[in-house]
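Here's a quick tour of a protein chain, from its pockets to its strands. Have a look at the structure first, then read on.

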Amino acid sequence: MSEPIRVLVTGAAGQIAYSLLYSIGNGSVFGKDQPIILVLLDITPMMGVLDGVLMELQDCALPLLKDIIATDKEEVAFKDLDVAVLVGSMPRREGMERKDLLKANVKIFKAQGAALEKYAKKSVKVIVVGNPANTNCLTASKSAPSIPKENFSCLTRLDHNRAKSQIALKLGVTADDVKNVIIWGNHSSTQYPDVNHAKVKLHGKEVGVYEAVKDDSWLKGEFITTVQQRGAAVIKARKLSSAMSAAKAISDHIRDIWFGTPEGEFVSMGVISDGNSYGVPDDLLYSFPVVIKNKSWKFVEGLPINDFSREKMDLTAKELAEEKETAFEFLSSA
């Protein structure tokens with residue numbers, strides 16, 4: 001058995017965490033021989049609920065959980081962390097402007113970035129899930145200048161998995177038969193799900209998705225909007241936002257950071273755009289195709305970008321630049 005790692009989940013009394021914590025505790029994220037000290041953070045009014053979550057985790061009798069700490073204090077939560085999964089954020093309320101949402105979240109993620117800077121290991125891997133995830137992630141990173149910005153990523157794996165599964169459903173194959181879809185840009189409705197480079201296993205051989213689907217207008221239209229709007233569709237149907245699928249995507253994202261991506265496959269995650277070769281401005285937290293090895297990601301280079309893609313990639317970059325500008329106005333005054 002290796003030494004235990006310290007893993008923090010924020011928003012730990014919420015519904016995404018409720019689906020996520022069991023996967024972390026049972027070894028399907030960090031491996032079956034990796035003991036874990038699991039730290040659960042939420043706001044003070046949620047401590048009663050969090051206590052119930054703590055009881056349930058104890059009742060799961062998971063051998064890998066060496067300790068479980070439930071707290072509402074940042075100095076306890078962020079101490080000596082190996083991994084921080086920042087799920088908690090201010091949700092959008094009815095009638096709330098995106099600007100107001102940004103303002104409330106800048107405050108939260110500035111504080112959490114500062115707590116990471118002060119208490120966590122410098123090697124900590126930080127995964128931001130709480131929306132607006134890209135800009136929240138950038139805010140946290142800016143507030144923790146001594147932690148490498150490459151250590152910060154945000155979740156676009158749910159969008160990636162949604163895209164994969166839409167193609168699989170269309171072709172009557174399993175999601176596992178589809179690889180190398182890409183989510184470019186923001187985890188918002190401007191994201192661009194791109195299957196120009198994706199492959200699907202059909203009758204034992206790998207073919208391009210465009211070739212396999214043989215329906216360009218669907219791929220350039222309904223497919224894209226379905227993936228972009230999927231979160232809203234789930235809310236409309238369930239009256240609650242995606243939790244099980246979000247938790248699964250977080251597990252996939254972290255497992256790939258920890259163990260690397262399979263040979264010949266890439267995944268999507270929001271990462272710092274510095275030094276990319278796709279014409280995305282530096283200093284944005286933008287979703288790219290990446291490969292991961294030894295817990296470090298690299299951009300997938302050299303993918304040809306057609307005009308259709310270029311336009312969509314620029315549109316989502318523009319939205320992120322505007323979000324960043326708004327957030328940074330608040331950041332300097334927060």
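**Pockets, a helix and a hairpin**

Four helices, H1 (15-25), H4 (98-119), H6 and H9 (222-238), each put at least two residues into the lining of the largest pocket. Helices here are DSSP runs of H or I with at least four residues, strands are E runs of at least two, and both are numbered from the N terminus. Keep in mind that this is a predicted model: local features need pLDDT of at least 70 and side-chain atom pairs count only at pLDDT 80 or more, while totals for chains, interfaces and linings use all residues. Residues are numbered from 1 along each chain as its sequence is written, and side-chain values use heavy atoms, with hydrogens and water left out.

**The largest pocket**

- A pocket is an open set of points on a 1 Å grid over the protein atoms alone, where a 1.4 Å probe fits, with protein on both sides within 12 Å along at least five of seven lines; lining residues have an atom within 4 Å of a point.
- The largest pocket has a volume of about 1600 Å³, where volume is the space filled by probe spheres set on the points, and points are joined across faces, edges and corners.
- Its lining takes in 45 residues, and Ser89, Met90, Pro91, Arg92 and Asn131 lie nearest the centre.
- H9 is the top contributor to that lining, with five residues.
- Sorted by class, the lining of the largest pocket holds 17 nonpolar, 19 polar and nine charged residues. Nonpolar covers Ala, Val, Leu, Ile, Met, Phe, Trp, Tyr, Cys and Pro, charged covers Asp, Glu, Lys and Arg, and the others, Gly among them, are polar.

**The second largest pocket**

- The second largest pocket has a volume of about 170 Å³.
- H6, H9 and helix H10 (244-259) each bring at least two residues to its lining, and the largest share, five residues, comes from H6.
- Among the residues lining this pocket are Leu158, Asn161 and Arg162, along with Arg230 and Lys248.
- The class count for the second largest pocket is two nonpolar, five polar and three charged residues.

**Helix H6**

- H6 covers residues 157-171, so to speak 15 residues in a row, and spans 21 Å from first C-alpha to last, close to the expected 21 Å (1.5 Å times one less than the number of residues).
- Of those 15 residues, 11 are buried, so H6 is largely enclosed by the rest of the structure. Buried means under 20% relative accessible area, with a 1.4 Å probe and protein chains only.
- Leu158, Asn161 and Arg162 are among the buried residues of H6, and they also line the second largest pocket.
- Just after H6, Gly172 has a positive phi of about 70°.

**Strand S10 and its partners**

- S10 (residues 199-202) has Val200 and Leu202 on its covered face, with Lys199 and Lys201 on the uncovered one.
- S7 (residues 178-179) pairs with S10 in the antiparallel sense over two bridges; strands count as paired if DSSP finds at least two bridges between them.
- Val200 in S10 is the bridge partner of Val178.
- S10 also runs antiparallel to S11 (residues 205-208), with four bridges joining them, and Leu202 stands opposite Lys205.
- The hairpin of S10 and S11 has two residues between the strands, and there His203 takes a positive phi near 45°.

**The whole chain**

- The chain has 11 helices and 14 strands.
- Buried residues make up 54% of its 334 residues.

Key:
Buried means under 20% relative accessible area, exposed over 50%, partly exposed in between (1.4 Å probe, protein chains only).
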